[in-house]
Amino acid sequence: MEDKLHEQLSVTPSEICLTESLNAAERLGCGELQENNEDGVLTEEMVSGGLSHLGCDLTGQQHVLCDVSLPGLNLRDISVLYNYVHLHKLELHHNNIKDLSCLSHMPHLIILDVSHNEISNFFEFQPLQYLQVANFSYNHIPDIKDLAGFFCLRKLDLDCNCLSEISGLEQCSMLTHLSLAYNKITKITLSSLPLTHLCLRGNQLKDAEGLENLQSLQVLDLSMNRITCLSGLQNLRFLCSINLEKNQILKIPDLKQVIGLPLLTNINLLENPVQEQPNYRLEVIFLHQHLTMLDQETVSVKEKVSSRNMFDPPMEVLAAIDHITHLVYQMGQPQILYHSTPPTAGYPYQMLVLTGPEGCGKEELVHRLCQEFGEYFGVGICHTTRKPYIGEENGIDYHFVSEADFQNLVHMGKFIQTMQYGAHLFGLTRDAIEDIAEEGLVCCVHMELEGVFSLKKSYFKLRYILLVPTQVDKFISHLKSLNMYTPPQIDHAVQRVALYLHTNEQRPGFFDNIIPCDDCGEAYQTLQQVVKDYLLVVEEEEGKSNSGLSSYSSVSGLYSAENPHPPLSGSRSETLASLSGSALDPSDSSFMPCFTNIQAKLNPSKISIQELASMRRREQLAREAVVGKRPGLFSQLFKRYNSARGTFKSLHSSMLEQTSGLLKDRNLEFEAKSILPPIPTGNKTGEVLKSPQSSRIDPKPPVEKNKGANVEG
Ligand SMILES: Nc1ncnc2c1ncn2[C@@H]1O[C@H](COP(=O)(O)OP(=O)(O)OP(=O)(O)O)[C@@H](O)[C@H]1O
């Protein structure tokens, strides 16, 4: 430690200064003087050799030399300087001086450097009222006397002395730079001084208490202490750089007092235990976004982005991770053709999602909706690890599972999306959707925004309805009245209202409908209307007036056997009547039954009832193919699959032959089989595959990936 200290101290600014000064002294012919100066007494001759800088004397009438520089001359007695009353600058570093009483006779002294001497009496001379810069470093000073008379003192250097406390500086109203490195200070006691730079390196401090009054502090060096806690720094609004190297900061939360200081851009935490924490650097960068230097290394833009993605990923990133995770797990499982598997990209399975902050009542609305429009919608029941509230039933409100079961389901590739909300996990399984699709219904679910982001990545066609409270006070009292939520949960739910509104603002069209939900009854009425528009329900009277369309007037149909493929419209006001005015091209294979107003406006040509009926018939055929009523798209697909399997098999055996030959040529001793993919096994009849268990979830240990996995469909 001692050695290291010396190493660090070996090249200090004072030493550089010494070298320069000695060179200067040589130039002045002082080298010779030094050799002859065995008794250490400063003589007139030596002084005149060290004088420079022409200025005026006290009367202002005579020119005099104002600066004296006499470093490294082994001086002990400098009493001859009593006569040099006009001096502005005095440099006497690297001597053996103990007594500075002659300074009392230099009232105009501005700069004083007596570092590297034998001084133990600090400022034992008359106050020098114009003194601005004083360097007393590398002496033996044990304490600081009252410096009340040194009105102009701006910089004071007391490094490497024997100080154990800081005192006597209370009246130094101009002091901006104070350096007290390598002393024995155990406690900081500094009143409100205008300090901008403070160095307390190499002391014995355990905390930073006592700095709170230094409101102007910009640069703080607390390196080489034993600091574990940074309280005392939290109000230093102008702090831009802090050096905490070689301290005892253990954890990132211990930095909370400095993290967030508005101007702090440079933190040095080298050689603190906190550096060992996983992702330490990225976490600090994340917590303190305007950092430009950390541990003496520039913070790169890449690091800033990575830290953000690691600790607060945007929802898009989270959703992508969630989506990829479930996709990868699904791929490891036998591939199954579901009722909700889209026959083509143009016919995705349709879903209705109600989203909004917790407690906004979306769950209740989903259930009411599915009750009233039971022919079209079924509730998609999510899984959760939270415990049921009173009145909630397993399999009706949620599938309530343990965390281990939930994770098993994840590994079994069962989920389409999952999210952690508070301390609990929520997720929608493919089987939950399938249970509804099997009945020919549209799956209706409720979820938080993160879930919406994830589902947007899926191949389903979803319609998103945002339920948002517009009166925060009312929302808070509603949440309180439910007696289900703790105050932090209420705060969290309320905070997330802004998140939903922000998303809606930033991403126009992200939600298909927005319904205020301050009043549950009114919200349901609006929802009803939205859903009727969505289903293209034509009211009785309307049905009468559109007699030609009466056969469709009950509803245009939503994925049910009776009602062929559903037209999920992008526009609320889109009724069958308006639809009949839109531009449909039944010959278009990518025809989607979702016609927007924009399309309608672009091509106002009318569609005939016959065309519409033909379109419906084709939808019906497609729908029946999905539910397996007639040999349709899928059986063809599987026939094709079987013939493809035959082709693959013959290709495989010829590749096997060729590969074996190659391996033999190269004297490689392993089997060609081991490097070629296996032939997929499958249902010989080529029928739509769906295991009886597939639509029900039965938590069990994850199937070993790819082991005997069939690749079907
Ligand atoms: N699979 C899912 N993905 C994302 N969020 C979900 C999922 N399932 C449920 N959620 C949402 O998680 C939040 C917490 O669910 P919980 O059932 O505890 O809420 P709640 O208190 O009943 O609120 P609400 O009445 O709004 O449903 C709710 O906003 C709920 O909609």
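## Sheets, helix packing and ligand shell

Within strand 20, Cys 443 is the bridge partner of Gly 378. Strands, like helices, are DSSP runs numbered from the N terminus (E, at least two residues, for strands; H or I, at least four, for helices). The model is predicted: local features need pLDDT of at least 70, side-chain atom pairs count only at pLDDT 80 or more, and totals for chains, interfaces and linings use all residues. Residues are numbered from 1 along each chain as its sequence is written.

- Five strands form an open sheet with parallel pairing, in the order 15-20-14-21-22; two strands pair if DSSP finds at least two bridges between them.
- Strand 15 (377-379) and strand 22 (513-516) are the edge strands, each pairing on one side only.
- On average, neighbouring strands of this sheet are turned by 25 degrees against each other, direction ignored.
- Strand 20 (residues 442-447) pairs with strand 15 in the parallel sense over three bridges.

**Helices on the five-stranded sheet**

- Helix 8 (residues 362-372) lies across strand 14 (350-355), strand 15, strand 20 and strand 21 (461-468), and runs at about 165 degrees to strand 20; angles run from 0 to 180 degrees between N-to-C directions, with axes fitted as lines to C-alpha atoms, for helices over the stretch in contact.
- Helix 13 (residues 487-506) lies across strand 21 and strand 22, at about 130 degrees to strand 21.

- A second open sheet has four strands in the order 17-16-19-18, with mixed pairing; its edge strands, strand 17 (399-400) and strand 18, each pair on one side only.
- Strand 18 and strand 19 pair over six bridges in the antiparallel sense, and Leu 425 of strand 19 is the bridge partner of Gln 420.
- Helix 10 (residues 430-438) packs on this sheet, touching strand 18 and strand 19, and its direction makes about 40 degrees with that of strand 19.

**Helix–helix packing**

- Helix 8 and helix 14 (residues 520-535) pack at about 50 degrees, their axes 11 Å apart, and are therefore oblique to each other (angles under 35 degrees count as roughly parallel, over 145 as roughly antiparallel, 65 to 115 as roughly perpendicular and the rest as oblique).
- The crossing of helix 8 past helix 14 is right-handed, the near helix being turned clockwise from the far one by less than a right angle.
- Glu 364, Leu 365, Arg 368 and Leu 369 of helix 8 meet Cys 520, Ala 523, Tyr 524, Leu 527 and Val 531 of helix 14 (contact: C-beta atoms, placed from the backbone, within 7 Å).
- This contact of helix 8 with helix 14 comprises seven nonpolar, no polar and two charged residues (Ala, Val, Leu, Ile, Met, Phe, Trp, Tyr, Cys and Pro count as nonpolar, Asp, Glu, Lys and Arg as charged, and the others, Gly among them, as polar).
- Helix 5 (residues 280-287) and helix 6 (residues 301-311) pack at about 90 degrees with axes 8 Å apart, and are therefore roughly perpendicular to each other.
- The contact of helix 5 with helix 6 involves residues including Leu 282 and Phe 286 of helix 5 and Met 310 and Phe 311 of helix 6; its residues divide into five nonpolar, two polar and four charged.

**Ligand shell**

- Of the 18 residues around the ligand, Glu 363, Phe 426, Met 447, Glu 448 and Gly 451 come nearest (near: C-beta atom, placed from the backbone, within 6 Å).
- Helix 8, strand 18 (415-421), strand 19 (424-429), strand 20 and helix 11 (449-455) each supply at least two shell residues, and strand 19 gives the most, with three.
- By class, the shell has seven nonpolar, five polar and six charged residues.

Note on methods:
Two residues are in contact if their C-beta atoms, placed from the backbone, lie within 7 Å.
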